[in-house]
Amino acid sequence: MKTSRLKNIVIAILLLVNVFLLALLLSRQNQQRAAHARSVEQLNVLLSDNGIAFDTALLNEDASISAAELSRSGDVENAFAEKLLGQTDVRNVGGGIYVYESKSGSCQFRSNGAIDGTLNLPVSDPIAFCEDIFRSCAYEMDEASYAQALAVSSSGSGTISALRKVDGLLVFAAPLSLTFENNILVSVSGIFLSNVSVLKPAHGIDAISALVRFLDYRNANGLVCTEITCMEYGYLFQDSASVSSRLVPVWHISTGLSDYYVNLETGAVTRG
């Protein structure tokens, strides 16, 4: 048999194998899509039977999230303090507390991430000022925060908050807030996460399972919920006297009245 003919036969066999594998892959993907569609339909029926309105467009098929670890950076804290206060003097007052002071005021950073300070700093444009401050430390304002900012810009008084972003995802329940009175920045408060390291990818329950866990929690506790308005995944900041501060991968579910968090790894539900 000629070499060229043998080569053609081998190529034909390889093509047939590739076609078979492609058909197998497409069949498996179609089966997965069909199974997901059935699960979504069953979820809709379940939520509807329990009096909860839900738009399936809010569903994410998969939560691409990594475990994250908190640590403290004195350099980052110092940079933020000087961004806020100008040239500062720093004091270690013990207990993991550092105090930064300048003619514009003072603020203190605690080891658990808490920050609070008193200032007297005139600000002509609160929105631009806050955007610049938040951007410098990887915090971001959402729609609600922008609405707050517009109100503060109009009246000169009020609080503007933002949430930390880690690898493109929000850290829930840990706002950093700036408060103004008559166009003067008078205080900073909330949680300042100076250093977050993204570790290996974390795998956990999907969105449908998270909603089922939430429904079980809602029914077990007799909570009022007629609509789910938001569903997204990110990190929940947790701090208590018994454990060190940490970031937990969660599904965030909002009912418009309250926020709930479903742990991606354990399925445990907590209320915000």
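Hello everyone, and thanks for coming. The model is predicted, with local features needing pLDDT of at least 70 and side-chain atom pairs counting only at pLDDT 80 or more, while totals for chains, interfaces and linings use all residues. Residues are numbered from 1 along each chain as its sequence is written, and side-chain values use heavy atoms, leaving out hydrogens and water.

Let's begin with the overall picture. The protein has 5 helices and 17 strands; these are DSSP runs numbered from the N terminus, H or I of at least four residues for helices and E of at least two for strands. Of its 272 residues, 39% are buried (under 20% relative accessible area, with exposed over 50% and partly exposed in between, using a 1.4 Å probe and protein chains only). Take the contacts, meaning heavy atoms within 4.5 Å, between residues at least 6 apart in sequence: 57% of them join residues at least 24 apart.

Now please find helix H5, residues 207-221. Its 15 residues reach 21 Å from first C-alpha to last, close to the 21 Å expected at 1.5 Å a residue (the expected span is 1.5 Å times one less than the number of residues). Which residues of H5 are buried? They are Ala207, Ile208, Ala210, Leu211, Phe214, Leu215 and Arg218. These residues lie on the same side of H5, because they cover an arc of only 155° around the axis, taken from the directions from the helix axis to the C-beta atoms. After H5 comes Gly222, with a positive phi near 65°.

Next, a pair of helices. The axes of H3 and helix H4 (residues 143-155) come within 8 Å and cross at roughly 140°. H3 is therefore oblique to H4. Axes here are lines fitted to C-alpha atoms, for helices over the stretch in contact, with angles from 0 to 180 degrees between N-to-C directions. Under 35 degrees counts as roughly parallel, over 145 as roughly antiparallel, 65 to 115 as roughly perpendicular and the rest as oblique. Where they meet, H3 brings Pro126, Ile127 and Glu131, and H4 brings Tyr146, Ala149, Leu150, Val152 and Ser153.

Finally, two loop residues. Ala138 is not a glycine, yet its phi is positive, about 65°. Ala138 sits in the loop between helix H3 (126-136) and strand E7 (139-140), and is partly exposed at 32% relative accessible area. Asp167, also not a glycine, has a positive phi of about 55°. Look for Asp167 in the loop between strand E8 (158-166) and strand E9 (169-172). Is Asp167 buried or exposed? With 59% relative accessibility, Asp167 counts as exposed.
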